[in-house]
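Here is a short tour for someone opening this structure for the first time. Please keep the 3D view beside you and follow the points in order.

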Amino acid sequence: MASFYQRKGGQWSCQYEDRSGERRSISFGKLSKRAAATIGRHVENLIDAHLASAQPPPETTRWLTEASDKLVAKLAKHGLTGERRLALLGPFVDEFLASRIADPSFSELTIKSYRPTFAHLREYFGDDRPLRTITTGDCRQWRAVVAAGKGGKPRQENTVRKWITKAKTLFNAAVEFEAIDRNPFAPLEASTVKVRERDYFVTPEEAAAVLEACPSHDWRCIFALSRWGGLRCPSEVLALRWEDVLWDRDRFVVRAHKTEMRIVPLFPELETVLSRAFDAAPEGAEYVVTKTRDAEANLRTTFEKIVTRAGITPWPKLFHNNRATRATEIEKRYGSHKATAWLGHSEKVAAKHYWQITDDDFAEAAGKSAAQSAAAPARRALHEDERQVAEAIHAAVCDALQPLDTRPVAEAGLEPARGLPPTGF
């Protein structure tokens with residue numbers, strides 16, 4: 001039986017007999033009477049469980065998760081509970097990344113994607129910040145800073161949510177290692193939302209112009225694989241090998257790091273580009289894209305210049321909209337089950353991020369061909385011109401019919417005024 005008492009000066013202590021019968025004492029410092037009663041009740045439960053080699057009651061286990069590190073350390077010193085690992089943010093991030101690097105199931109690109117988020121967390125909270133002291137309120141404040149961006153340029157909402165996803169992954173690992181009891185990022189929304197304002201359908205005419213403007217076989221392959229093959233760029237495009245192109249079977253193999261290996265048809269537009277690149281490739285070339293192979297290189301900047309050289313204004317999300325355009329075309333022509341199989345995503349993801357409604361869809365729904373739909377603005381312009389000519393003629397006729405005497409009519413009217421009959425009305 002444990003005794004919990006207050007010494008002179010306000011210090012609270014607990015005395016109990018351990019398994020060997022030895023009298024032991026734990027000092028808890030100055031406490032209010034209410035706090036002392038709570039601690040005393042749970043410490044007594046821990047002592048009883050320790051003596052009986054049993055688990056403490058659930059309420060005491062929950063209390064332990066919220067107790068201070070200092071108090072838990074005192075109880076652990078007496079063997080009444082396990083030691084709590086005091087994890088600091090900086091060292092834990094290093095351990096997490098090291099574990100991912102050592103795991104072959106995680107690609108270099110995945111590990112690279114963690115780094116901006118983790119670097120920002122370390123800068124914001126500090127390397128020496130104990131994970132246990134980071135609250136959900138702290139996380140919401142961090143989110144606001146992330147969303148504000150740099151140099152007055154806010155980050156896109158989905159970018160912010162992806163950062164939150166990575167922060168959740170880090171803190172979920174901390175929960176698994178029992179460094180913290182719950183994930184403070186858990187209440188924050190992390191699933192991406194539909195943002196279709198930046199959708200763009202790359203028409204066949206635009207694609208042909210861009211292909212013509214590409215300066216090399218490398219860039220023709222990069223563009224063709226993303227636009228007509230629907231490959232993710234740069235990851236899937238740069239990973240494609242010549243041995244993956246099965247010329248005799250009219251298909252090629254995509255070895256994606258995000259999804260399982262998939263087989264994609266060798267579409268006619270793509271076959272033409274790849275066959276020319278194969279003929280021009282050096283002897284023994286392994287990869288389809290031979291020179292532009294740096295996954296960290298900014299392909300978008302060069303691609304913007306190519307699109308501009310083609311006489312086209314660069315569209316938003318250059319490579320993403322190439323893939324989205326192809327996903328839309330394949331779904332419309334071959335069906336969603338083939339589109340998802342060939343491009344390596346689910347129908348849910350495709351509906352949220354890829355499939356688009358095109359001008360041809362509106363024309364088809366209106367029972368018109370694309371040419372008729374394109375001619376509609378010209379017809380409207382012609383009708384507008386005809387209306388303006390008709391209004392001008394009408395105005396000229398009205399001017400010609402105006403009376404020579406344009407003096408205003410008197411209020412009495414055209415006829416002379418007449419008096420009322422003698423009998424009245």
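1. Although lysine 317 is not a glycine, its phi is positive, at about 45 degrees. Is this residue buried, exposed or partly exposed? With a relative accessible area of 26%, lysine 317 is partly exposed.

2. **What kind of model this is.** Please bear in mind that you are looking at a predicted model. The average pLDDT of the chain is 83, and 78% of the residues score at least 70. Over residues 409–414, however, the pLDDT is below 50, and this stretch has one contact in the model beyond near neighbours in sequence. Where pLDDT is low, the predicted coordinates should not be read in detail.

3. **The chain as a whole.** The chain holds 17 helices and six strands. It has 425 residues, and 35% of them count as buried. Among contacts in the chain with a separation of 6 or more, 56% are between residues 24 or more positions apart.

4. **The largest core.** The largest nonpolar core has 45 residues, and Phe252 and Phe303 are those with the most contacts inside it. Which elements each supply at least two residues of this core? They are the helices α8 (204–213), α9 (217–227), α10 (235–239), α11 (268–280), α12 (299–309), α13 (318–334) and α14 (336–343), together with the strand β5 (251–254). Of these, α9 gives the most, with six residues. There is also a second, separate core of 29 residues, which includes Ile111, Leu121, Leu131 and Ile164.

5. Now find the open sheet of three strands, whose order is β4-β5-β6 with antiparallel pairing. Its edge strands are β4 (245–246) and β6 (262–265), each pairing on one side only. Between β5 and β6, the antiparallel pairing runs over four bridges. Which residue is the bridge partner of phenylalanine 252 in β6? That partner is valine 264. Leaving aside residues up to four places away in sequence, phenylalanine 252 touches a list of residues that includes Leu231, Leu240, Val245, Ile263, Val264 and Leu270. Asp244 and Arg262 are also among the residues that phenylalanine 252 touches.

6. **Phe303 and its aromatic partners.** A search of the whole structure finds 21 aromatic pairs. In one of them, the ring centres of tryptophan 219 and phenylalanine 303 are 6.1 Å apart and the planes are at 5 degrees, so the pair is stacked. Tryptophan 219 is in helix α9 and phenylalanine 303 in helix α12, so this pair links distant parts of the chain, 84 residues apart. Both of these residues are buried.

7. **A second ring beside Phe303.** Are the rings of phenylalanine 223 and phenylalanine 303 stacked or tilted? Their centres lie 5.7 Å apart and their planes are at 40 degrees, so the pair is tilted. Phenylalanine 223 lies in helix α9 and phenylalanine 303 in helix α12, so the pair ties together parts that are 80 residues apart in sequence. Like phenylalanine 303, phenylalanine 223 is buried. The aromatic cluster formed here brings together Tyr200, Trp219, Phe223, Trp228, Phe303, Trp315 and Phe319.

8. **Charges over rings.** Two arginines deserve a look. The charged end of arginine 155 sits over the ring of tryptophan 163, 4.6 Å from the ring centre. In the case of arginine 326, the charged end sits over the ring of phenylalanine 267, 4.2 Å from the ring centre.

9. **Two backbone details.** Which peptide bond is cis, with omega near 15 degrees? It is the bond from cysteine 233 to proline 234, and proline 234 is found in the loop between α9 and α10. Serine 53 has a positive phi, near 55 degrees, and is a residue other than glycine. Its place is in the loop between α1 (33–51) and α2 (58–66). Serine 53 counts as exposed, at 59% relative accessibility.

Note on methods. Residues are numbered from 1 along each chain as its sequence is written. This is a predicted model: local features need pLDDT of at least 70, side-chain atom pairs count only at pLDDT 80 or more; totals for chains, interfaces and linings use all residues. Side-chain values use heavy atoms; hydrogens and water are left out. A nonpolar core is a set of buried Ala, Val, Leu, Ile, Met, Phe, Trp, Tyr and Cys residues joined through side-chain atoms within 4.5 Å. Buried means under 20% relative accessible area, exposed over 50%, partly exposed in between (1.4 Å probe, protein chains only). Contact means heavy atoms within 4.5 Å. pLDDT is the predictor's confidence in each residue, from 0 to 100. Two strands pair if DSSP finds at least two bridges between them. Rings of Phe, Tyr and Trp (its six-membered ring) pair if their centres lie within 6.5 Å; planes under 30 degrees apart count as stacked, over 60 as edge-to-face and the rest as tilted. A charge sits over a ring if NZ of Lys or CZ of Arg is within 6 Å of the ring centre and within 35 degrees of the ring normal.
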